[in-house]
Amino acid sequence: MTIRNVHDCGQRHRPRVACLKKVEALVLEMQDPTSGVKSQTQRLVITTIPHALTGEDVVAWIAKRFNVDAAEGCAIGTMMVAFGYIYPLRDHKRLILKSDASLYRFQTPYFWPAQQWPVEDTDYAIYLAKRNIRKNGVLELHEQEQYNNLHKWLNHKWDFIVMQAKEQYRAGKERKKPDRVVFDCQERAYWVVHRPPPGSVSAMDLGLLRLIDPNQEESETSDYFRRIIIFTEQCIMRPRVKSSVSLGANPWLTDDPAYWDLNSLTIDNPTRMRVERWTFSFGELLSDPRGRDGFRLFLKKEFSSENLAFWEACEAVKWGTASTIHEKAQQIYKTFLARGAPRWINIDGKTMEVTVRGLKHPHRYVLDAAQTHIYMLMKKDKYGRYLKSPVYMDYQRRATDPEAHNFTETQLAQNAKNRRPSLSPIILRQQEEEQQAKLEASGPVDLTQVMSKLDKRNMLKEGQK
Amino acid sequence: MGEMEQLRKEAESLKDQIIVARKGFADTTLQEAVAGTAVVSRVQLKTRKTLRGHLAKIYAMHWGAGLTQCVSASQDGKLIVWDTLSTNKVNAIPLKSSWVMTCAYAPSGNLVACGGLDNMCSIYNLKGKDGNVKVMRELASHTGYLSCCRFVSDSEIITSSGDCTCILWDIETGTEKTIFAGHLGDCMSLGVAPDFKSFISGACDYTAKHWDIRDGNCTHTLSGHESDVNAIGFFPNGNGILTGSDDATCKLYDLRSDQELITYQDATIMCGVTSLAPSLSGRLLLAGYDDFNVNIWDALKAERVGVLAGHDNRVSCIGVSSDGMACCTGSWDSFLKIWN
């Protein structure tokens, strides 16, 4: 039983080959009687058939038209032959354009590949039957195999097919010889393109078909317009930011790695544009690691660095491996959320309740509510203060303004000689991890310790009284 | 009917507003901005290695994070991990379904993923205990074929599918974390940003979309192509998007000003783009076409500066290694070529 895949969404009718329109435009240009390719006559034994082209003429025309060299012109011509717009008269099975005196002819538009009807097996069967009638045993091996298969599959239609073949054969005989030869050649070329012999490269080979039907027209209901309106309104509301990280000298042109050094993560004095970028929004500040460093410094001075530490710990849970979620969540609870925790964060009662309940069965987003609360807290309060703080003012003051290069020729040559490989990313990552570890080890202010010290002092004072 | 007319007028007026807003931000064209840069001379790359071993069309390849390893997938049902310098096959993984359309190499080098007409993304662990490569996970939830997959980390992967959606998966639990729906046509390809915070997808609805991984929202929709967007990639600095389409053009879009900067097209190129990859600095764009060639474009000036002709069938995939020293092309003629 043959399973015929009818589910091709109309793609066999109009193959997903958007280039065909362009090639057709080119073919029409080539067929122009005045400015097109010069045609000659083909001589078969007694008959002469007009409108034949030589390969070298086609290549020369294409090369002149597009102002390319002969090799590229030959490639474009071969593409046209592969699609079936031009067919060779000799050696019809090899669909290439030879740039010598071999003859070609334009295919009739009826047989162009972009027609509205599919390439039917029924038509192929009729064609093969016709050839069989004309001269028995003239079919190639692969054609013979296909013929036998079609005979099996289309058995129910076989009488119709044979009848059609006979009719077409008879109608063909009634034509004049030149017309008959031309039509036979055209039909033969069409089937070489659409039913290629096995092992050859076919231009009609489209790979795996796509699910969306390119021919389906979307009906313009009011729903369709409402969707477009909502979408475009969102488009307009979106902010369009014109910011760019500083433009120092382009390292690829000057061999000067200053641009990369200035924008690295560990720089002490970030560039002016980078510092300004932190003022655009809180998100921008947090997404730049250098910005976060500066913010952390500021918060430390204000004794509220636990907020940023909590936010970063939540990010680590969200993006880390699933196996460590449980452990990390417990750590966060002990450090930030439990009563009397060393770095207790200030969130409202309801959020705290929800979070603690969620922590009984921790999952990746269990700390989302608390993290959002802290994020908004930092954004509304600390962010504004940070931008006015001496820490940030200091950055602004120290910010560098790198200018485009003004290296002389000799300096450029010197730079080229001094090219050094940059640090390996493995080493950079190790450095980052070491920094991270140092940060954690240096320890935040331990509130319980501080509180207990204060308590002790108070008790001493009271004791003294 | 009157309501329809009104809605149509409103939609048109909003579209015009967007065009005006974009023009307002276009203080210069790319052509003017690069008028001073030097012209790139003719780039000639030669085939340095040919990787033979596949028996059928190669549909996808992806470089690993190391400098010489890459993985390729072919319709003979094999996923082969190559050491390109010696042309040895490090691993040859037989697949359950031979209709594979994509493959990906994890940045850590421990995992490879593949998928295709089986609608599933299969993850293989290369560094298994007894040296065997086994299926680690099979992520099945898409209702259409898997057209592309890319790792975000060892525990997350993003897949795009013919059912018009992209999905972010958690590999360890094998479940979907976020579904990115919004395309109106098959998603054909995707690319992850260099900072791993966002990704882009190109689809058969002629648009490319930029998504935020954490929010799950589409932040930009970039249109302009006249046919299916087959290939997509981030510009190396993460602020631009390169797309390649069946209409034989590639386009460069700017994410910050939300518009198209330049189109890479030529009257002699009529065949669709199947794959593209920018060079490490972004100055060159290598694009593979249906006419069996790869064209090298000067990304700033939009001129062709080279051709890589050497394949006997369509170039289906192309990739530039992480240090930018070599580019690898895979084709339906079952060979991979390394060019330098």
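Chain A has 465 residues, of which 36% are buried. Its secondary structure consists of 21 helices and four strands. Among the contacts in chain A with a separation of 6 or more, 64% link residues 24 or more positions apart. Chain B is built from two helices and 28 strands. It has 340 residues, and buried ones make up 59% of them. In chain B, 44% of the contacts between residues at least 6 apart in sequence join residues at least 24 apart.

Confidence comes next. For chain A the mean pLDDT is 79, with 80% of the residues at 70 or more. Where pLDDT is low, the predicted coordinates should not be read in detail.

Two packed helices are described by the angle between their axes and the distance between the axes. In chain A, helix 4 (residues 121-134) packs against helix 7 (residues 177-194) at an angle of about 130°, and the axes are 12 Å apart. On the side of helix 4 of chain A, the residues in contact are A:Asp123, A:Tyr124, A:Tyr127, A:Lys130 and A:Arg134. They meet A:Phe183, A:Asp184, A:Glu187, A:Arg188 and A:Trp191 of helix 7 of chain A. Sorted by class, this contact has six charged residues, four nonpolar and no polar ones.

The second pair in chain A is helix 13 (residues 289-301) with helix 17 (residues 368-388), packed at about 90° with axes 10 Å apart. Helix 13 of chain A is therefore roughly perpendicular to helix 17 of chain A. Helix 13 of chain A contributes A:Gly291, A:Gly294, A:Phe295, A:Phe298 and A:Leu299 to the contact. From helix 17 of chain A come A:Met378, A:Lys382, A:Tyr383, A:Arg385 and A:Tyr386. By class, the contact of helix 13 with helix 17 of chain A has six nonpolar, two polar and two charged residues.

Key
Residues numbered from 1 in each chain as written. Chains lettered and ligands numbered in written order. Predicted model: local features only at pLDDT ≥ 70, side-chain atom pairs only at ≥ 80, totals over all residues. Heavy atoms only, no water. pLDDT = per-residue confidence, 0-100. Axes fitted to C-alpha atoms, helices over the stretch in contact; angles between N-to-C directions. Contact = heavy atoms within 4.5 Å. Nonpolar A, V, L, I, M, F, W, Y, C, P; charged D, E, K, R; others polar. Buried < 20%, exposed > 50% of the residue type's maximum accessible area, 1.4 Å probe, protein only. Parallel < 35°, antiparallel > 145°, perpendicular 65-115°, else oblique.
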